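Subject: Structure handover

Hello,

Here is the structure I promised to pass on. My notes follow below it.

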Amino acid sequence: MEFAELIKTPRVDNVVLHRPFYPAVEGTLCLTGHHLILSSRQDNTEELWLLHSNIDAIDKRFVGSLGTIIIKCKDFRIIQLDIPGMEECLNIASSIEALSTLDSITLMYPFFYRPMFEVTEDGWHSFLPEQEFELYSSATGEWRLSYVNKEFAVCPSYPPIVIVPKSIDDEALRKVATFRHGGRFPVLSYYHQKNGMVIMRSGQPLTGTNGRRCKEDEKLINATLRVGKRGYVIDTRSLNVAQQARAKGGGFEQEAHYPQWRRIHKSIERYHILQESLIKLVEACNDQTHNMDRWLSKLEASNWLTHIKEILTTACLAAQCIDREGASVLIHGTEGTDSTLQVTSLAQIILEPRSRTIRGFEALIEREWLQAGHPFQQRCAQSAYCNTKQKWEAPVFLLFLDCVWQILRQFPCSFEFNENFLIMLFEHAYASQFGTFLGNSESERCKLKLQQKTMSLWSWVNQPSELSKYTNPLFEANNLVIWPSVAPQSLPLWEGIFLRWNRSSKYLDEAYEEMVNIIEYNKELQAKVNILRRQLAELETEDGMQESP
Amino acid sequence: MEHIRTPKVENVRLVDRVSPKKAALGTLYLTATHVIFVENSPDTRKETWILHSQISTIEKQATTATGCPLLIRCKNFQIIQLIIPQERDCHDVYVSLIRLARPVKYEELYCFSFNPMLDKEEREQGWVLINLSEEYKRMGLPNNYWQLSDVNREYRVCDSYPTELYVPKSATAHIIVGSSKFRSRRRFPVLSYYYKDNHASICRSSQPLSGFSARCLEDEQMLQAIRKANPGSDFVYVVDTRPKLNAMANRAAGKGYENEDNYSNIKFQFIGIENIHVMRNSLQKMLEVCELKSPSMSDFLWGLENSGWLRHIKAIMDAGIFIAKAVSEEGASVLVHCSDGWDRTAQVCSVASLLLDPHYRTLKGFMVLIEKDWISFGHKFNHRYGNLDGDPKEISPVIDQFIECVWQLMEQFPCAFEFNERFLIHIQHHIYSCQFGNFLCNSQKERRELKIQERTYSLWAHLWKNRADYLNPLFRADHSQTQGTLHLPTTPCNFMYKFWSGMYNRFEKGMQPRQSVTDYLMAVKEETQQLEEELEALEERLEKIQKVQLNCTKVKSKQSEPSRHSGFSTSDNSIANTPQDYSGNMKSFPSRSPSQGDEDSALILTQDNLKSSDPDLSANSDQESGVEDLSCRSPSGGEHAPSEDSGKDRDSDEAVFLTA
């Protein structure tokens with residue numbers, strides 16, 4: 001195995017590990033192909049197991065012969081290793097650097113990970129598109145499954161199976177694909193059972209500067225409207241950006257050609273702007289020296305919460321069109337793989353109670369992020385500490401999770417999962433032993449044979465013992481549409497993610513535990529009372545039977 | 001009442017602050033104590049009650065085609081915008097309110113007409129609920145080091161101090177009187193808190209009249225006596241809570257701070273908390289931010305930073321943390337002062353006490369703390385909160401800041417406090433409401449002269465009676481967070497301090513979390529208690545039946561299946577179902593109102609339809625019932641009618657909340 005070549009020094013003794021809120025630990029540092037391990041060899045002392053793929057950046061410095069490596073993780077944690085011996089330290093540092101930036105996906109840990117648990121339900125088959133479609137097909141006959149993309153030939157970033165209007169045949173879909181960015185023709189994202197309105201998503205239309213049009217595209221979109229109804233196109237770019245896109249062959253739906261559709265422009269940022277925002281935010285959170293005013297101004301300057309507000313507002317707007325206006329919506333930005341998915345998935349959280357359950361949320365991520373072709377591999381390659389300018393990284397998924405957390409905070413009893421569930425998903429999107437978030441699209445995952453060669457995250461998460469960690473004790477099924485507030489006062493910083501390593505969570509954890517205890521005890525009593533009632537009822541019926549003749 | 005120019009105006013519109021296009025049409029009434037707006041809508045007849053004493057500013061804006069707008073800002077952060085059709089009516093209301101909101105004598109205040117229908121005995125009991133003599137006993141006083149001094153009987157030495165004061169045993173009357181002459185307003189050093197575990201204490205005073213070089217032997221002896229009262233430490237911290245520059249400037253006026261060279265064994269320390277004027281402006285700036293119509297995130301964060309409010313909160317907390325550490329970790333006594341020793345000193349002493357002693361984190365203990373460090377030690381409630389018409393430069397949110405410090409701590413230590421956020425909000429409300437006599441006047445002396453206890457009711461008794469609403473479900477007396485000192489991190493955790501929207505935007509319900517974890521858990525706990533009782537009863541009955549085994553008469557299980565789903569309504573679903581204006585100023589977005597034409601609108605009540613989900617002071621702002629006869633109530637004769645209602649309705653509203 002070529003890992004051995006990369007590991008120059010597999011073992012160093014007397015290494016001291018420093019982490020915030022923990023006493024320093026001295027032990028032996030080991031490097032394996034995928035992990036950095038520190039073991040103190042003492043009982044009851046926590047060891048450190050760190051995936052190389054979780055390492056975002058490292059710094060090294062020397063004082064005499066004592067070397068120090070500062071490891072900055074993609075989950076924002078910063079740890080420090082004091083390593084005696086300059087050579088050892090340099091070797092370890094270069095090994096970590098090499099191992100944490102492997103080029104080939106197939107060398108990643110998921111391809112080597114062997115589960116230590118029994119798989120009762122294979123997560124790769126937990127959320128099949130056919131099953132998801134069945135939920136709709138019982139309610140409406142206006143939609144169908146299309147296998148036009150079976151070979152990923154029509155649209156490389158789409159899954160093999162998509163839902164489209166029944167009246168549009170595959171031939172038309174092929175034509176529409178040529179008119180949409182990345183071949184992403186409009187497909188069904190969400191069907192609102194209450195009034196039959198839908199959310200569709202796509203890539204931008206390739207109108208270009210001379211206003212190219214596509215009859216099939218117009219027909220497809222109009223096929224989703226009921227007689228006499230109008231729909232909304234929500235373009236996640238500002239009008240300005242959308243107009244500029246025409247010069248590069250892109251564009252937007254001209255009202256003249258889509259008279260039944262009204263276009264709304266929002267402006268959700270993309271790519272490096274988001275990445276820079278994350279970098280600034282995490283830097284502000286890690287800076288312990290500044291005063292209150294600087295903290296607030298750095299928080300403001302990061303613009304993170306501005307992005308949160310913009311994304312949530314757009315999602316609310318989409319949901320409002322569906323639920324309150326009774327109008328269908330088509331959502332796209334440029335590619336339709338980032339801000340589009342943030343909006344379509346958040347709108348579903350607002351509209352659809354099922355997506356607020358654990359299973360439903362997993363299905364949502366599977367459908368609206370993985371199948372829909374969000375390029376996880378590219379977006380999550382680096383996190384807040386990356387110092388090289390790379391074009392494709394962006395915390396698009398993290399912003400989505402943050403928005404979900406914001407809604408969860410405003411409706412703490414309406415979600416089956418808790419904050420830890422969201423944090424777990426964030427961690428696995430950036431570094432994981434599971435194959436779920438590998439690759440940039442279904443076609444890539446297919447080629448990598450992830451289903452055969454790696455384990456699905458859902459196989460692990462959906463075990464009862466794991467689920468209990470992620471279940472919100474306050475959950476009460478709420479069948480209503482939930483409208484979050486998007487006022488700045490209502491959108492605080494997500495401390496559970498961004499201050500996770502900067503403050504002790506002891507007291508908050510205790511509070512959570514106390515909350516669980518209160519509810520568990522209540523359930524216990526309820527069960528006891530019910531048993532006794534039944535016993536009593538039985539006894540009394542017996543008595544009654546004796547009495548009645 | 002002679003100040004009411006027009007008791008009733010019809011066809012007034014109450015503008016919805018969140019969506020200004022929505023306005024409720026109704027009738028405006030002015031009574032001796034309240035402004036009342038009653039909506040015309042026959043289904044709701046929703047009422048909004050504003051106490052005159054809550055009114056902070058009234059602004060008459062330029063008349064438009066629709067009428068004359070009147071903006072009322074309240075001290076409890078409510079903002080009411082009315083549009084009155086006739087300019088003349090608007091002017092009358094304006095002029096009346098200007099006068100009503102600024103009473104000139106105490107007798108005009110609501111507490112003198114408020115009648116919660118308690119008899120004399122109940123009222124008297126209410127006033128003895130919080131007993132400071134008991135509190136000093138609880139601290140372990142008097143003891144070998146500290147004694148009760150009668151030097152201030154009949155307020156002979158210091159008229160802003162209480163009569164009951166604890167001083168070091170070795171401080172003779174001569175020393176005390178001598179020291180008092182060397183201190184601003186004669187506020188000599190006295191005990192605020194005694195830490196039983198190690199004899200360290202927190203003492204308080206005003207600044208010394210040291211000027212550039214003046215000394216006072218008795219004052220030096222006084223500090224010496226404080227040091228000697230703590231055998232565990234050979235020095236005393238003297239904490240001046242002002243910025244150094246301010247303290248130095250005071251020297252020119254013959255005031256100033258202690259010179260370490262003159263006092264043996266003191267360690268002098270400045271902790272810069274700004275003065276009341278800076279704080280007043282800071283709050284003003286922050287409220288302007290809260291008032292912005294659909295601000296961007298940058299507007300909000302920038303405005304929050306620019307207001308400096310959280311910086312000031314942190315400064316107060318830092319001072320409290322410093323003192324708590326000195327007392328509990330170093331075992332050193334601390335003398336705290338600012339200028340007069342009734343604002344910053346009160347804030348800092350009470351924050352430190354709260355950190356040190358779990359008793360102050362209980363419902364009753366917190367009332368004691370306010371009674372002790374604020375009310376008895378002469379915090380100038382009347383001046384600071386503008387109860388009577390006075391110098392606007394004296395007004396400052398001093399106790400508001402303390403209350404916010406407590407909230408910030410509650411956020412950090414969710415299990416450590418017996419009370420919840422609502423308790424803090426209600427106390428803040430009543431500091432301004434003047435519905436109860438506790439916070440009247442500027443000193444104990446004035447309150448005694450006014451015979452407050454014979455003529456008004458105590459807030460503490462009222463809060464205690466309704467304590468079920470104020471409990472923190474996560475509090476357990478035996479929980480580790482409940483024990484001992486609260487330890488905060490030493491690093492400058494600026495991010496720990498957060499904007500308190502539950503206070504400053506509390507009337508914008510849509511901004512608050514739409515489901516309350518506290519209320520949910522309280523409902524669960526209540527049900528748990530019922531289940532425990534039922535379990536016991538069932539076990540008993542089962543035992544009986546099994547034992548007797550004879551056909552006694554059947555008793556149907558009288559309790560129905562506990563159904564948690566109908567029981568716990570913590571979410572205000574009406575609000576959950578009212579989308580905001582997400583389109584911003586988007587022209588292209590349809591003008592059709594979102595709530596129109598939905599076949600399922602039965603489910604979707606409008607926000608205004610619902611009972612206020614916040615039992616919060618709805619008594620004074622959001623009443624629902626008993627409206628029909630309102631119009632025939634003569635405002636002048638109605639002096640106590642609305643007050644009755646508020647007393648009654650508060651309870652019913654609160655009860656409704658858990659069962660609705």
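Chain B and chain A bury about 7900 Å² between them. Carbon and sulfur atoms give 59% of that area. Buried area here is the accessible area (1.4 Å probe) that two parts lose on being put together, summed over both. Three residues lead on the chain B side: M297(B), F495(B) and Y582(B) supply 12% of the area that chain B buries against chain A, more than any other three residues. The contact involves 89 residues from chain B and 82 residues from chain A. Contact means heavy atoms within 4.5 Å.

A word on the basis: this is a predicted model, where local features need pLDDT of at least 70 and side-chain atom pairs count only at pLDDT 80 or more, while totals for chains, interfaces and linings use all residues. Residues are numbered from 1 along each chain as its sequence is written, chains are lettered from A and ligands numbered from 1 in the order in which they are written, and side-chain values use heavy atoms, with hydrogens and water left out.

Chain A next. It has 20 helices and 14 strands. Both are DSSP runs, numbered from the N terminus: helices are H or I with at least four residues, strands are E with at least two. Of its 549 residues, 62% count as buried, meaning under 20% relative accessible area (1.4 Å probe, protein chains only). The C-alpha trace of chain A spans about 90 × 80 × 50 Å along its principal axes. Chain A exposes about 21400 Å², and carbon and sulfur atoms supply 52% of it. Those accessible areas come from the Shrake-Rupley method with a 1.4 Å probe.

Now chain B. It has 23 helices and 14 strands. Buried residues make up 59% of its 660 residues. Its accessible surface comes to about 26200 Å², with 50% belonging to carbon and sulfur atoms. Take the contacts in chain B between residues at least 6 apart in sequence: 72% join residues at least 24 apart.

One residue to look up is W309(B). Where is W309(B) found? It sits in helix α9 (residues 309-328) of chain B. Is W309(B) buried or exposed? W309(B) is buried, at a relative accessible area of 0%. W309(B) and F499(B) are 190 residues apart in sequence, yet 9.0 Å apart in space, C-alpha to C-alpha.

Best wishes

Technical notes. Buried < 20%, exposed > 50% of the residue type's maximum accessible area, 1.4 Å probe, protein only.
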